[in-house]
Amino acid sequence: MRLRAELVPAALAAGLSTVVSLLVLRPWRAGLDVPYSYLGDANLNHMFVKDVLEHGWYWRNSELGAPAGQQLFDYPVLNGDPLNVLLVKLFGLFTSDAAAVMNLLFLITFPLVAVSACLVLRALGLSRPAAVVFSSLYALLPYHFVRGETHLWLSAYYAVPLGAYLVLAILGDRPLIARRPRPGGGRVRSYASGLTLTTLALCLVISWASGSFYYSAFTVVLVVVAALLRSLVRRSAAPLLQAGAVVSAIVAFSVLALAPSLAYWARHGTNGQVAHRQPRESELYGLKPAQLVLPMGQHRVGLLARKRQSYDRWSDPTEATTNAALGAVAAAGLLWLLAVCLLHLAGPGSRLIGPLHVSAGLASLVALILAWTGGPATLIGFVEPQIRAWNRLSIFIGFFALLAVGLLVDRLRSRRVLWGAALVAVLVLGSLDQTSPAFAVQRSAADEWRSDDAFVRGIEQHLPAGAMVYELPYVGFPETPSPGGMYAYDSVRGYLHSHDLRWSFGAMRGRPPDDRFAPLAAAPVSELLPIVSAVGFRGVWVDRLGYADHGVQVESELARLAGPAELVSGNERFAFYDLLGYKAS
């Protein structure tokens, strides 16, 4: 495939997916400088983006985890996404606003996914019009919108089509490694062919835009299973050799990205308190086939939305209940691929079923079996529980399914009018089915954001630059349940709005200084305040939502010892107490 000739359809897919995503999201409702999501893990991702913009990278942050500062070597969420971090740096050349950069990164994931999918679909043989249509639908899957900025790095799933291509290449006996026609300079250098370098480039992107290592891990598992099956059928070691080269490259690039954390652990030991997964989580975050084929819970047709919501109530709420729906087009493609597997078993070699259909069907079946709740994923969890959210394999299944529908539609190419009508119908109906008004940016988040921004601005005007603020209630970092009515990572809100203050939240659990402050979490204010003041904190931030009594008892003690609240947020959720008078006394 000549890459230059494919730039036009790739550009069309990028433009189409961008336009539709903007019409669905309607980001102008809040403004570019307001995060589209201001809750939970979206705040964590916002923190990462701000870290990169203001501190060069994400390893250390002197403005969090005061007084010692934050380190993220124990929590290498971004180690698998250096390419996405580089995109953050790129946008940072034009604006220093972390919210704007996070929003731009999320918006650009739509054309990036569409371009990647379009190039892969063309490489697999789809016509240019079909590649444009189905790559656009792939970029517009419900998975993309529902993940959003809450799972920002998973939303950037442009590496998935590349991983899917490697799996299909192994199953279809497509070469991935080749020697140059005129080798020279030794046996090893002779393998530095264009095909080999292309495969290495694919492995690099998969490893460095991996959705916190999920997409690279899934690619490795699917490639290994595909190679084992193909090797048994062919009675040849060739598929295993190709798969070994691919897996080795992905693992090597992943280890390279993880090297700073590995070096830190070698020096300081590992931290068992952080990101320690349990085998049962693989069961909790598994996947059920019904979650894929049923309409999404936010469907624009009320009856279909209610049917899905009724189904979801049967099980414990997990990300699989809301993030796995494929939409009607891809669901039809998945059912067809499963039928292909059965037909191929019943009558192998049938001319009605193309070899690529068989490969896509087998890949989908393997992915579905692996992710199935109570299936192999649960057993794998007893060996290696770190990869726990196997429902995220749905995005691989979605690619295989859309490929299958694209191949079926392309069979109509000889009937130009019918073919064109089918493509238009699939695009329009698929886009409407996969999107929802519920995906639009909410104005309420903007109101809350601006209220918090005004409050932090007031604190900054009151305190000198570099002053430290102690946050109550105490919340450990990362992945610690929040008290009261707080959501995860609400404690990072002050940092997200500040320019020159230092915050107590964000010190790594199990490392100093958090291991010294954590035992004080339940201490009364009368015991806590002398220590906080002696360490050098200038003020106390109280999130009233973190207390059953809305902070009445804590604030009465603070007022008695340090004087009345200096500032209260416009929505009366937060209060700030200055410790200057207390320190003087």
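Modeller: Let's start with helix 5, whose 12 residues reach 16 Å from first C-alpha to last, close to the 16 Å expected at 1.5 Å a residue. The expected span is 1.5 Å times one less than the number of residues. A helix here is a DSSP run of H or I with at least four residues, a strand is a run of E with at least two, and both are numbered from the N terminus.

Biologist: What should I know about the model itself before going on?

Modeller: This is a predicted model, in which local features need pLDDT of at least 70 and side-chain atom pairs count only at pLDDT 80 or more, while totals for chains, interfaces and linings use all residues. Residues are numbered from 1 along each chain as its sequence is written, and side-chain values use heavy atoms, with hydrogens and water left out.

Biologist: What is the mean pLDDT of the protein chain?

Modeller: The mean is 92, and 97% of the residues reach 70 or more; pLDDT is the predictor's confidence in each residue, from 0 to 100. As a rule, where pLDDT is low, the predicted coordinates should not be read in detail.

Biologist: Why is helix 5 called largely enclosed by the rest of the structure?

Modeller: Because 10 of its 12 residues are buried. Buried means under 20% relative accessible area, exposed means over 50%, and partly exposed is in between (1.4 Å probe, protein chains only). The buried residues of helix 5 include Val132, Phe134 and Leu137.

Biologist: Is Tyr36 buried or exposed?

Modeller: Tyr36 has a relative accessible area of 12%, so it is buried. You can find Tyr36 in the loop between helix 1 (7-25) and helix 2 (41-55).

Biologist: How do you know that the span of helix 21 agrees with its number of residues?

Modeller: At 1.5 Å a residue, the 20 residues of helix 21 (residues 443-462) should span 28 Å, and the end C-alpha atoms are 29 Å apart, which agrees. Among the buried residues of helix 21 are Trp449, Phe455 and Ile459.

Biologist: In what order do the five strands of the open sheet come?

Modeller: The order is 4-3-5-7-6, with mixed pairing. Two strands pair if DSSP finds at least two bridges between them. In general, strands of a sheet pair through backbone hydrogen bonds, either parallel or antiparallel.

Biologist: Why are strand 4 and strand 6 called edge strands?

Modeller: Strand 4 (502-503) and strand 6 (567-568) each pair on one side only. Strand 6 is joined to strand 7 (residues 574-578) by two bridges, running antiparallel, and Leu567 has Phe576 of strand 7 as its bridge partner.

Biologist: What makes strand 5 mostly covered?

Modeller: Seven of the seven residues of strand 5 (residues 537-543) are buried. Strand 7 is mostly covered too, with five of its five residues buried. From strand 7, Phe574, Phe576 and Asp578 point one way, and Ala575 and Tyr577 the other way.

Biologist: Which residue has a positive phi without being a glycine, and is partly exposed or buried?

Modeller: Asp173 has a phi near 60 degrees, and its relative accessible area of 33% makes it partly exposed. Phe213 also has a positive phi, about 75 degrees, although it is not a glycine, but at 19% Phe213 is buried.
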